[in-house]
Amino acid sequence: MKKTFKQPKLLTQMIGLISIVVCFTVIFVSAISYSIIDDMTEEALGNQAMTVAKMAAQKYRIIQAFDDPDPSVVIQPIAEEIRKSTGAGYVVIGNRENIRYSHHIEENIGKTMGTSSSQSIHNGESVIYEGTGISGSAIKAKTPIYNDDGEIIGVSSVGFLTNEAKKRIGEYQFKLFFFSLFIILLGVTGAVIIAKRVKKLIFNLEPEEISFLFKEKEATIESIRDATVAVNNDYQVTSINKRARELLKDQIELDGKIVNDRLIHMMESVIKSKQSVVNQKFLFGHQLYVVDGSPILQKQKTRGAVLTVRPVSEIEKIEEEVSAIKSISDNIRAQNHEYLNKLNTIYGLMTLEQYDEARSFISDEVKERQDTVVFLTSSVKDPFIAACLLGKIHRSKELKVQLYIDENSNLSYIPPSFDTKLFVTVLGNVIDNAMEAASRLKGEQARVSVSFTDFGSDLIFDIEDNGPGILEEYQERIFKEGFTTKDGENHGLGLAIVKNTLKKLNGEIYISASNSGGAQFTIAIPK
């Protein structure tokens, strides 16, 4: 069976790679340094030999001794003293005939010098070279000796034996070896520390595991039906799924920065407080969404925030039916409350045996309800708009607001292209706002009237109330998302929804003062 090669772990790879780089670097530098040490040592010894040779050649007593009957008597002690004090292998003083006046081996005094000194004696040159003489292999320096008249009278020859040079080179190389070994050990130790640090930062994961987790995270985020987006502390998008790209395309610049002021304010609150914020309502397009925000924490520091955006309906397939369902829900709740009160009244009349009053009360109630239903079904041909108005009538009774629908109103023709399910969002929000405004100011004396007509080329709806009205400077601002005069969160959305929805329906809304002192909203939608 063929064995499969198991790839080393990331920690092993990093330690091995860094160690190899450090070792090869140190070895390469050491090899160059070894070569440089050889050259530098030889050059230094040659220069030192020349310095000693010139020092001997300029010794006044040595120059004077050349005129003595036996110059070596004076010169030999001086030359030996120089040799010992400088550590040279030998210091030889010779005359123009190459006869030695000094030598560290006294038997060689008076004999001919082993190597030619013609360059120094005849040409007056100072030379450095490596050669082998009777003392052995050495790095030598020769320089001429001048008398007081400037004539060459001899030669000064100094040599540092090669074995001494090699010994010195060996000492330098030995130090270099230990220094290189120390650097290698330091490099390998550093490699282990760095590799472990990197592994800790990536949670001890291998590259394949990181790659898989990244793909898994990407697939997970893309599969979430809710819009999910992650941002850093500069409100720059770092991760976003398909749904969020579609939904927030107008809220994000090309460079990935969030531009929606309310979203930025929400993220700022999450990042600074390090606390999650939930159920914040936002209007994107003509739809209402709920946004949750959670901080991204690392070592107790906030690195950004994750936003989750989902439709208020929680079920995207019935988003357009939400307003109609809400109207029906309001209708049922109001009816339940109203019927319960009236049932208690009837029960009281029956208990008191006021049967005629009970029959009259029931008759009036049935007649009023039948009249309302008959009027709406005959005047409004669209069931969604009729249901919305009926629901608001019951809602007004719950709020103790008098809601009147003009008997001369008529909506007999609705164009087939007109999206009534979308329109009831507009109508419901405007009527709700009118009832709330009138109720806050007038209490049980609050009145709201609704009239509508399809006469002409537009569908016209007028909603009037006897509330406080709307100041002229607010008439443009009230349609902006987040603007509200109410206390608490998640206000300032209703009229923003109205404005955006009307834009989709190509309609307009106008504000004026009503005859009863409050506000009048006029909605015009072309057929």
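**View 1. Lys 400 and Glu 444 form a salt bridge, with 3.8 Å between N and O.** A salt bridge here is a side-chain nitrogen of Lys or Arg within 4 Å of a carboxyl oxygen of Asp or Glu. The pair links distant parts of the chain, 44 residues apart: Lys 400 is in the loop between α11 and β10 (402-405), and Glu 444 is in the loop between α12 and β11 (447-453). Helices (H or I, at least four residues) and strands (E, at least two) are DSSP runs, numbered from the N terminus. Lys 400 counts as exposed at 51% relative accessibility, and Glu 444 counts as exposed at 54%. Exposed means over 50% relative accessible area, buried under 20%, and partly exposed in between (1.4 Å probe, protein chains only). The model is predicted: local features need pLDDT of at least 70, side-chain atom pairs count only at pLDDT 80 or more, and totals for chains, interfaces and linings use all residues. Residues are numbered from 1 along each chain as its sequence is written, and side-chain values use heavy atoms, with hydrogens and water left out.

**View 2. A salt bridge joins the side chains of Asp 432 and Lys 392 (2.9 Å, N to O).** Asp 432 belongs to helix α12 (residues 420-442) and Lys 392 to helix α11 (residues 383-399), so the pair links distant parts of the chain, 40 residues apart. Asp 432 is buried, with a relative accessible area of 16%; Lys 392 is buried at 4%.

**View 3. Glu 80 and Arg 83 form a salt bridge, their closest N and O atoms 2.9 Å apart.** Both residues lie in helix α3, three residues apart, about one turn of the helix.
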